[in-house]
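Here is a short report on selected local features.

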Amino acid sequence: MKKNDEFILNIEDMGVNGEGIGRYEGMTFFVKDALIGDLARVGVTKMKKTYGYARLIEVVEPSPDRVEPICAFSRPCGGCQLQALSYEKQLEFKQRLVANDLRRIGGFTEIPMEPIVGMHDPFHYRNKAQLPIGTDRDGHIVTGFYAGRSHRIIPNRDCALGVPVNKTILDIVIGFMERCGISAYDETTGQGLVRHVLIRYGFRTEEIMVCLILNGADLPCAGELIRELTALPGMMSISINVNTDRGNVILGTETRVLWGQGYISDQIGDIRFRISPVSFYQVNPVQTEVLYRLAADYADLGGAETLWDLYCGIGTISLFLSGEAGHIYGVEEIPQAVEDAKRNAEENQITNVEFIEGKAEEIFPAFYAEHTGRPDVVVVDPPRKGCDGKLLHAILTTAPERVVYVSCDPATLARDLQILCAGGYRLKRVRPVDNFCQTVHVETVALLCR
Ligand code: SAH
């Protein structure tokens, strides 16, 4: 077999990136855009020793689970890897993904898996949009999403995962840039001003935040943009964020409010949260409430426990659980998020929660090196790379009764659960929650008992 060879492939499985997988003449092939159940004509793009990559030339016989994507750009855009798959099958795929990782990476043989929680309406769920700004071949300013695994912008102001007001805001921003001659950033030259537009929307409060990420310290003619944006109902905050670095990191360290307040508010359960542009906040507010209720259920609190919420962001889980525990410590490394968390506690008149700024793997062990007693329940909600080894070690040493692991990456979840289980814990319950419908991403909550 060699590059450009063509053949018919039966797609029997799907990989972690949503790509179709099939076997041909003893070799495994990965085919982007092919779905499980498809019979597909494919062309080899790259060969390795035992496997290869191929591109989809034609679907000869479509999978019975294929559906018509609602977005015209779903195939070239890197965002929705699963839009052509029925939602029911997306959920099955994700549950299988979590189970496979627990089995293969975590070494678990018996998995106490509970059925994945799907979303009633799996579109328009994102409360945050972060779009690159660029210039097309004809010199027009464009915004949209990067094509899969590239930085080519596919123009689209109306993403099917976002809220409708995004389009109105993007039309205003682009119109303003064109009229006032404000340039888009070009990452190949490092020239140009506007890099990204960040929009946040509070589903419960209907408050809107717009932040322009600039390759420079000032936005010329800002007054004009402010005048147009503030005509939108719900507009609460217009800011700029300065990022003059050449890299891929979107946000810089300096944020300046141009108009209104520096944050918007939203509500999860009965708690109101203040969210600033740089703070982490779950992107799917509907499923987040489901996720937190599940975490609360797994934590099984009686009212007197000492609980740690590690990787706490703006304190959402801590505050959500505050009525059910005795004392809660939240730990978060981003100073702005900790500030938001503290204010959120105050504004909700919650007094049994303390927020500490720093790395979870440093703060938590240091606390128990200085204090007697031990935690009853530890909740961790780390970023995709999972928990630091030092933190897992500290959990094993301090030996809380229960550990609730909220994860956005099943592979690192499986790795960390294996370490905790080798150290004396048992995996009691696990349940995926679909917070990222149409994409390959999935949240999972796991309960470990000592
Ligand atoms: N539990 C929160 C946030 C989860 S996202 C929520 O549900 O909204 C993970 C958070 O961990 C981010 O806010 C990130 O800034 C923070 N973080 C990343 N590495 C960390 C570390 N080593 N120690 C503490 N916080 C960290």
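## A buried loop residue

Asp409 has a relative accessible area of 15% and is therefore buried (under 20% relative accessible area; exposed is over 50%, partly exposed in between; 1.4 Å probe, protein chains only). Asp409 lies in the loop between strand 20 (402–407) and helix 9 (410–422). Helices (H or I, at least four residues) and strands (E, at least two) are DSSP runs, numbered from the N terminus. Leaving aside residues up to four places away in sequence, Asp409 touches Arg384 and Val442 (contact: heavy atoms within 4.5 Å).

## Basis of the model

This is a predicted model: local features need pLDDT of at least 70, side-chain atom pairs count only at pLDDT 80 or more, and totals for chains, interfaces and linings use all residues. Residues are numbered from 1 along each chain as its sequence is written, and side-chain values use heavy atoms, with hydrogens and water left out.

Six strands form an open sheet in the order 1-5-6-4-3-2, with mixed pairing. Strand 1 (6–10) and strand 2 (13–14) are at the edges; each has a single partner strand, so one side of each has no neighbour in the sheet.

Strand 2 pairs with strand 3 (residues 20–24) in the antiparallel sense, over two bridges (pairing needs at least two DSSP bridges). Met14 has Gly20 of strand 3 as its bridge partner.

## Cysteines

The structure has zero disulfides (cysteine sulfur pairs within 2.5 Å). For Cys71, the nearest cysteine sulfur is that of Cys77, 6.5 Å away. Cys71 is buried, at 14% relative accessibility.
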